[in-house]
Amino acid sequence: MYKLIFGILFFVVSNSAFSQTKAELGFFGGVSYYMGDINPTNHFYSSSVAIGGIYRYNFNSRYSLRASMIFSGLSGEDLDAKNYYQQNRGASFDTDVVDLSLQAEFNFQPFWAPGKTKTKRLVPYVTAGIGYIAPSSTESSFTIPMGAGFKYNLGGRWTAALEWSFRKTFTDDLDHLDDPNNFNESNLMHNNDWASFFGIMLSYKLFPDNEACHSYDRFVK
């Protein structure tokens, strides 16, 4: 299944890499963490370093399509919990992961472009799409990535973004605990594990902005 996601990412990059002002390459750096049977509620629990690369294709000042590949780790340990059940169970896991995703981005305001009025250097945005997560020690899974953040134009072709995103997986086995007490046999969608990423993206536009203003950009002004 991962070949399908990789093929989609390759198709997007290869068919838009020479589209002049629209293409960006970049780097992601931040942290990742897991939520599931061992850690059901605590954000940023047992965080691991996450690094990767991104490719962004800008359709206009509002809409973009982003492909990414992130390398990181996920871990958890029952002994970190305060309840008696988890202390007695004593489960733990530690796995490396590769996360692939293809996401659409929507800017709430027109993002900055040289020579275009009423665009903003700092804009909030949301993102969602499809993905695939491949742990080193358990079964891989398709995911639904979703998140939100802020983009800021640093000047020229450089853009920075701060983003917090989540991966809804279709497996309950990232932590090696596949619904151990059968609490959710009839509600598996709510029992699946999650992976989350928080970090900074720095991207560089491959070509200068020299195209004429598109009709959509004129409309959103």
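## Report on a predicted model

In this predicted model, L65 stands opposite A104 in strand β4.

**Strands and their pairing**

The chain contains three helices and eight strands. Along the sequence, these elements follow the pattern α-β-β-β-α-β-β-β-β-β-α. Strands β3 and β4 pair in the antiparallel sense, with 15 bridges between them. Strand β3 also runs antiparallel to β2, and eight bridges join these two. Four residues lie between β2 and β3, and the two strands form a hairpin.

| Strand pair | Residues | Sense | Bridges |
|---|---|---|---|
| β2 and β3 | 48–58 and 63–77 | antiparallel | eight |
| β3 and β4 | 63–77 and 92–107 | antiparallel | 15 |

As background to such pairings, the side chains in a regular strand alternate between the two faces of the sheet.

**The interior**

Of the 221 residues of the chain, 46% count as buried. In soluble globular proteins, nonpolar side chains tend to be buried together. The largest nonpolar core here has eleven residues, including Y34, I38, L74, F93, V97 and L174. Beyond its neighbours within four places in sequence, L174 is in contact with L74, F93, T95, P135, T138, T169 and D193. Another core, of eight residues, lies apart from the largest one; I54, I70, Y125 and F197 are among its members.

Contacts that span the sequence are also part of this picture. Among contacts in the chain with a separation of 6 or more, 67% are between residues 24 or more positions apart.

Is T119 buried or exposed? T119 counts as buried because its relative accessible area is 16%, which is under the 20% limit. This residue lies in the loop between β4 and β5. Leaving aside neighbours within four places in sequence, T119 is in contact with P110, F111, W112 and A113.

**The surface**

The chain exposes about 11300 Å², and carbon and sulfur atoms supply 62% of that area. On the surface, L122, F150, Y152, L154, W158 and L202 form a nonpolar patch, and together they have about 580 Å² of accessible area. Strand β6, residues 141–155, gives the most to this patch, with three residues. Y152 lies in strand β6. With a relative accessible area of 38%, Y152 is partly exposed, because this value falls between the limits of 20% and 50%.

Key
Residues numbered from 1 in each chain as written. Predicted model: local features only at pLDDT ≥ 70, side-chain atom pairs only at ≥ 80, totals over all residues. Heavy atoms only, no water. Pairing = 2+ DSSP bridges. Core = buried A, V, L, I, M, F, W, Y, C linked by side-chain atoms within 4.5 Å. Buried < 20%, exposed > 50% of the residue type's maximum accessible area, 1.4 Å probe, protein only. Contact = heavy atoms within 4.5 Å. Patch = residues over 30% accessible without salt bridge, like charges linked within 9 Å, V, L, I, M, F, W, Y side chains within 5 Å. Areas by Shrake-Rupley, 256 points an atom, 1.4 Å probe, with all protein chains shown as cover. Salt bridge = Lys/Arg side-chain N within 4 Å of Asp/Glu carboxyl O.
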